[in-house]
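Hi everyone, thanks for making time.

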Amino acid sequence: MAAPWLRDAWLRLVNAYESNRLAHAYYLKHNLAHGSNRFIEQFTKYLLCQAKGKSACNQCKSCLLYAAGNHPDTWTLDGDETSRIGVDEIRDLQKNIVNKANQGGFKVAVILQAEKMTEQGSNALLKVLEEPPEDTCWLISTKQPEQLLPTLRSRMQWLNIPYPEAAQTEEQNAQAAELFDALHKLAPLPELKDKAMAADWLMLSERLVSDMLAELNRLPEERFYFPGLLDNDKRLVQCSWLDARHLSEWVSECRQLRQIYQGSPGINLPLLLTLAWSRWSNFLLGEE
């Protein structure tokens with residue numbers, strides 16, 4: 001997954017598949033601008049692929065059929081193309097999903113913008129999920145998860161994706177610029193007075209480093225948390241000793257630090273984050 005906010009969810013699904021713990025249905029927030037449809041397409045192709053690794057091979061018969069839009073083992077109801085998704089549409093999906101897979105692998109049913117399902121449609125889907133056919137996965141996106149029937153939600157796993165906010169606040173943009181300068185020793189490192197402040201800066205740090213990684217991967221501007229710092233990012237990634245591996249490790253370090261803090265609130269988060277910043281700064285300036 002190129003977009004950093006999709007990677008954790010992607011790895012969770014791949015790990016679930018590889019360990020035979022894949023749920024029969026997942027639902028996630030519909031966010032077209034930040035890649036929810038693309039995410040579902042990629043995971044559908046992954047499940048259908050006959051020679052998958054950590055992603056689809058893009059070369060097997062299933063991948064080629066999917067790319068051509070002709071794979072016989074996947075079906076999509078797109079709420080963007082209709083004002084409502086009714087019981088007849090759900091039952092048509094059900095008829096397909098109970099049949100044996102044409103290509104001998106997984107079957108994948110997709111519903112986009114499931115908040116458009118009628119109550120009768122939702123109840124029909126619930127019946128399917130109560131007795132799911134084998135080797136079948138439902139991938140469902142919705143703009144309003146809370147509007148899905150509670151009984152329906154209870155039959156699926158929620159796939160949390162930390163989509164970027166529509167726009168960072170002016171304060172966050174200023175803090176990101178401050179941290180960028182501090183990492184280059186053009187300003188002092190931010191003073192973290194307490195754990196709550198450190199937690200906020202930890203999130204901002206992850207987003208700033210994710211932007212650096214996005215620039216290195218030449219992602220479009222809409223994928224950036226702080227597009228106002230794009231010129232800085234472009235200069236940064238010209239450092240010959242800095243590559244995607246380093247930046248990916250820093251993003252992972254932020255996430256691991258947050259998980260540790262959430263599990264053990266007693267840790268000295270301000271100190272640990274400051275130490276991480278110092279190490280990153282030394283690396284960026286070629287001092288280690």
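Let's begin with helix H7, where Ala-176, Leu-179, Phe-180, Ala-182 and Leu-183 are buried. Buried here means under 20% relative accessible area, exposed means over 50%, and partly exposed is in between, with a 1.4 Å probe and protein chains only.

Before I go on, a word on what you are looking at. This is a predicted model, in which local features need pLDDT of at least 70 and side-chain atom pairs count only at pLDDT 80 or more, while totals for chains, interfaces and linings use all residues. Residues are numbered from 1 along each chain as its sequence is written, and side-chain values use heavy atoms, with hydrogens and water left out. Helices (H or I, at least four residues) and strands (E, at least two) are DSSP runs, numbered from the N terminus.

Back to H7 and its length. The 14 residues of this helix, 170-183, should span 20 Å at 1.5 Å a residue, and the end C-alpha atoms are 20 Å apart, which agrees. The expected span, by the way, is 1.5 Å times one less than the number of residues.

Just after H7, Lys-185 takes a positive phi of about 60 degrees. Lys-185 lies in the loop between H7 and helix H8 (195-216), and at 44% relative accessibility it counts as partly exposed. Another residue other than glycine with a positive phi is Asp-135, near 50 degrees. You'll find Asp-135 in the loop between helix H5 (119-130) and strand S4 (136-142), and it is partly exposed, with a relative accessible area of 47%.

Now, salt bridges. Side chains of opposite charge can pair when their charged atoms come close. The cut-off used is a side-chain nitrogen of Lys or Arg within 4 Å of a carboxyl oxygen of Asp or Glu. How many salt bridges does the structure hold? There are five, and I'll show you some of them.

Glu-18 and Lys-54 meet through their side chains at 2.9 Å, N to O. This pair links distant parts of the chain, 36 residues apart: Glu-18 is in helix H1, and Lys-54 is in the loop between helix H2 (36-48) and helix H3 (61-67). Glu-18 counts as partly exposed, at 40% relative accessibility.

Next, Arg-258 forms a salt bridge with Glu-206, and their closest N and O atoms are 2.8 Å apart. Here helix H10, holding Arg-258, is linked to helix H8, holding Glu-206, across 52 residues of chain. Is Glu-206 buried or exposed? At 9% relative accessibility, Glu-206 counts as buried.

Then there is Glu-253 with Arg-279, at 2.4 Å, N to O. That one links helix H10 to helix H11 (residues 269-284), with the partners 26 residues apart. Arg-279 is partly exposed, at 37% relative accessibility.

Let me finish with Arg-258 again, which is one of the residues nearest the centre of the largest pocket, along with Asp-8, Asn-160, Pro-162 and Arg-255.

How values were computed:
1 Å grid on protein atoms, 1.4 Å probe; cavity = no way out; pocket = protein on both sides within 12 Å on 5 of 7 lines; lining within 4 Å.
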